[in-house]
Amino acid sequence: MQRIPEEKIDEIRSQVDIVDVVGNYVQLKKQGRNYTGLCPFHGEKTPSFSVSPEKQIFHCFGCGKGGNVFSFLMQIDGLSFVESVKKVADLAHIPLDVAISQGDSAPGNKPDSQESKMIEIHQLASKLYHYLLMETEEGQEALQYLLDRGMSEQELDHFEIGFAPAHASTVTTFLKKREVDLALAVESGLLTERDDGEVVDRFRNRIMFPIKNDRGQLVGFSGRLFNQEDGPKYLNSPETLIFNKRNILYHFSDARQEIRKKEEILLLEGYMDVISSVSATFSNGVASMGTSLTEEHVQMIRRVTNRAIICYDGDRAGIEASFKAGTMLAEQHRLEVFVLQLPNGKDPDDFIRSEGAEKFAEIYTHQRLTWTAFKLQFFKRNRNLQNETDKIAYLGEALAEIGKLDQAVERELYLKQLGSEFDLSMEALKQQLQQTVVVKPKPHDYGGPPPESYGEYPSYEGDGGPVYEQFSFAQPSGVPSAGLTSEKRLLKYMLEDRDAFIQIRNLLEEHQTDFYHDNYKALYTHLIGFYASGNDANPLALMDQLKDDMARNLVSELEMMTVNADVSIEEYQDYVQSLTKSSIERDIKEKEQALLTATQQGDMPAALELARTITTMRATMKNTPN
């Protein structure tokens with residue numbers, strides 16, 4: 001198979017800014033020379049993920065993952081190396097016509113993996129469902145139903161909507177002809193096995209909505225009834241290796257870019273709501289899979305934006321769901337939340353198709369409720385405000401919410417609204433407000449990446465907005481030893497300068513010492529091979545050649561370190577001597593343990609010899625320069 005020349009890889013890498021690529025997946029904020037955000041590879045509330053535009057690398061100080069633009073896409077999208085290069089080439093508008101080699105597959109991402117096969121099966125089925133809807137007489141009733149609801153053929157094509165016939169073996173027969181493993185299709189949730197062992201289609205007589213994960217891979221379906229009442233209105237794929245409702249937001253992968261552009265996400269209830277919102281030019285809309293918003297969903301959202309617009313159905317259930325989702329987003333995760341309430345209790349799909357995109361845009365832009373305003377309305381729902389007891393109870397709830405606000409202007413605004421609505425003086429309301437216990441959020445509860453000024457983090461004390469406290473990355477626990485620090489600094493210099501590599505390698509051989517930690521020793525071995533192949537110092541190119549994630553992560557960690565640019569061979573020698581001293585210290589500890597064992601066993605000759613050896617080693621260490 002054809003491979004990509006190194007020169008082409010260098011050209012592609014140099015034409016794309018890693019900040020732009022990572023920014024499609026992570027909400028980044030400028031901090032000093034770097035950009036920071038919440039790590040997409042592990043759950044966290046305090047940002048520990050950093051991207052360096054100067055060095056074109058990323059590194060997470062929490063989980064340790066790191067690399068360049070290619071390795072980021074390999075890890076976040078599950079791509080092979082060549083696939084990641086081709087994706088970056090597309091972003092840079094650089095023509096690249098190469099075949100993907102099996103040998104170029106990323107570690108743990110084999111083309112014939114079970115997950116990949118499941119995704120391929122779903123892609124085959126999706127094409128079949130869409131063909132059956134758009135091109136066959138059997139799908140005509142379902143197609144007409146969708147057209148009558150106001151959907152266009154362009155929308156049906158864009159969202160790849162399909163139709164599953166009522167027959168028990170339409171997809172099963174289709175997959176058999178293509179020699180697909182039916183047992184794997186059952187495991188993937190597309191087919192099901194009856195009690196008698198017969199394998200049949202899971203979805204029948206339903207309009208089919210393909211479901212993609214956050215990487216844009218097709219992992220499941222949701223089938224909707226349209227001409228009968230027998231069965232649930234929506235039938236989702238079961239939980240499988242590739243499909244988990246807690247981790248999926250419908251349309252999220254396609255909406256990500258628009259979410260970043262608008263700096264906000266539109267949360268909707270149903271697939272049809274999402275499709276209609278896209279037709280109304282609101283492509284930042286997503287929907288959960290028939291479940292309440294989960295912690296996993298919130299983590300996905302927080303990585304791309306700090307603002308959520310909730311637009312659920314206007315019925316009782318929709319309002320309750322809005323309150324529940326808003327509470328999770330605003331109060332548990334500190335996102336900025338607004339709520340859209342459409343007239344006459346309509347859902348977004350019905351409203352857009354009956355009232356038009358312009359009217360929806362007007363409400364979206366100018367009539368959104370703040371989270372506080374929505375809560376004040378919500379608390380009225382079950383109150384009879386003509387009743388004094390209910391009125392007093394409501395005022396207590398309202399004042400408690402107003403008291404949580406950080407800005408004095410906001411508090412004044414809502415107090416004036418209460419005073420006007422209930423004919424109460426501002427003096428009485430403010431006096432009552434002062435008696436309300438206000439729990440202020442702690443700085444670490446802040447739901448987004450830190451502010452742009454490096455080293456600062458928001459707190460919410462006082463009326464004048466946030467004041468700032470010291471902020472630092474989440475660093476690995478434990479203080480590194482002198483030997484470990486020396487290993488890191490030596491490798492850092494060797495990575496970035498070929499001459500430094502030669503000088504340090506000569507010193508290591510002269511002192512007959514080596515790197516102690518396995519990962520550092522492995523990276524040193526990689527460097528020997530890298531430079532022996534005639535390469536100049538190039539950490540980004542080295543990352544592309546490393547097959548081991550741990551080695552790649554270590555390179556990114558070292559690249560994030562700050563060291564003296566002007567360094568002498570004497571400093572290299574000091575670090576090498578530190579390695580020698582650390583090696584002697586470890587040997588002494590081993591000998592001391594052996595001495596203790598020999599003494600306990602009564603082996604006095606061995607104990608005496610060990611004691612002499614320890615004395616000699618201590619003298620050697622004492623004479624080793626610090």
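In which helix is Thr172 found? Thr172 belongs to helix H8 (residues 170-177). The model shown in these views is predicted: local features require pLDDT of at least 70, side-chain atom pairs count only at pLDDT 80 or more, and totals for chains, interfaces and linings use all residues. Numbering starts from 1 along each chain as its sequence is written, and side-chain values use heavy atoms, with hydrogens and water left out.

**Figure 1. Overall content of the protein.** The protein has 26 helices and 19 strands, where helices (H or I, at least four residues) and strands (E, at least two) are DSSP runs numbered from the N terminus. Of its 626 residues, 49% are buried; buried stands for under 20% relative accessible area, exposed for over 50% and partly exposed for values in between (1.4 Å probe, protein chains only). Among contacts with a separation of 6 or more, 64% involve residues 24 or more positions apart, a contact being heavy atoms within 4.5 Å.

Figure 2. With neighbours within four places in sequence left aside, Thr172 is in contact with Leu182, Leu191, Val199, Val200 and Asp201.

**Figure 3. The nonpolar cores.** A nonpolar core is a set of buried Ala, Val, Leu, Ile, Met, Phe, Trp, Tyr and Cys residues joined through side-chain atoms within 4.5 Å. The largest core holds 61 residues, and those with the most contacts inside it are Tyr129, Leu133, Ile161, Leu175, Tyr250 and Phe360. Helix H5 (residues 114-135) supplies the largest share of this core, nine residues. Beyond its neighbours within four places in sequence, Tyr129 is in contact with Gly162, Phe163, Ala164, Val171, Leu190, Phe203, Met208 and Phe221. A second, separate core has 43 residues, including Ile265, Leu385, Leu405 and Tyr414.

**Figure 4. Aromatic pairs of Phe501.** The structure contains 30 aromatic pairs. Rings of Phe, Tyr and Trp (its six-membered ring) pair if their centres lie within 6.5 Å; planes under 30 degrees apart count as stacked, over 60 as edge-to-face and the rest as tilted. Phe501 and Tyr524 form a tilted pair, 6.4 Å centre to centre with 50° between the planes. Phe501 lies in helix H21 (residues 498-510) and Tyr524 in helix H22 (residues 518-532), so this pair ties together parts that are 23 residues apart in sequence. Phe501 is buried at a relative accessible area of 5%, and Tyr524 is buried at 8%. The ring of Phe501 also pairs with that of Tyr531: the centres are 4.7 Å apart and the planes stand at 45°, so the pair is tilted. Because Tyr531 lies in helix H22 and Phe501 in helix H21, the pair ties together parts that are 30 residues apart in sequence.

**Figure 5. Arg368 and two aromatic rings.** The charged end of Arg368 sits over the ring of Phe338, 5.1 Å from its centre. Arg368 also lies over the face of Tyr364, at 5.0 Å from the ring centre. A charge sits over a ring if NZ of Lys or CZ of Arg is within 6 Å of the ring centre and within 35 degrees of the ring normal.

**Figure 6. Helix H13 and its cover.** Helix H13 (residues 316-332) has 17 residues and reaches 23 Å from its first C-alpha to its last, close to the 24 Å expected at 1.5 Å a residue; the expected span is 1.5 Å times one less than the number of residues. The buried residues in H13 include Gly318, Ile319, Ser322 and Ala325. Among the elements covering the buried residues of H13 are strand S13 (265-268), helix H12 (295-302) and helix H16 (371-380). Arg334, which follows H13, has a positive phi near 60°.

**Figure 7. Helix H25 and the residue after it.** The 32 residues of helix H25 (residues 569-600) should span 46 Å at 1.5 Å a residue, and the end C-alpha atoms are 47 Å apart, which agrees. The buried residues of H25 include Glu571, Tyr572, Ile584, Ile588 and Ala598. Just after H25, Gly602 takes a positive phi of about 75°.
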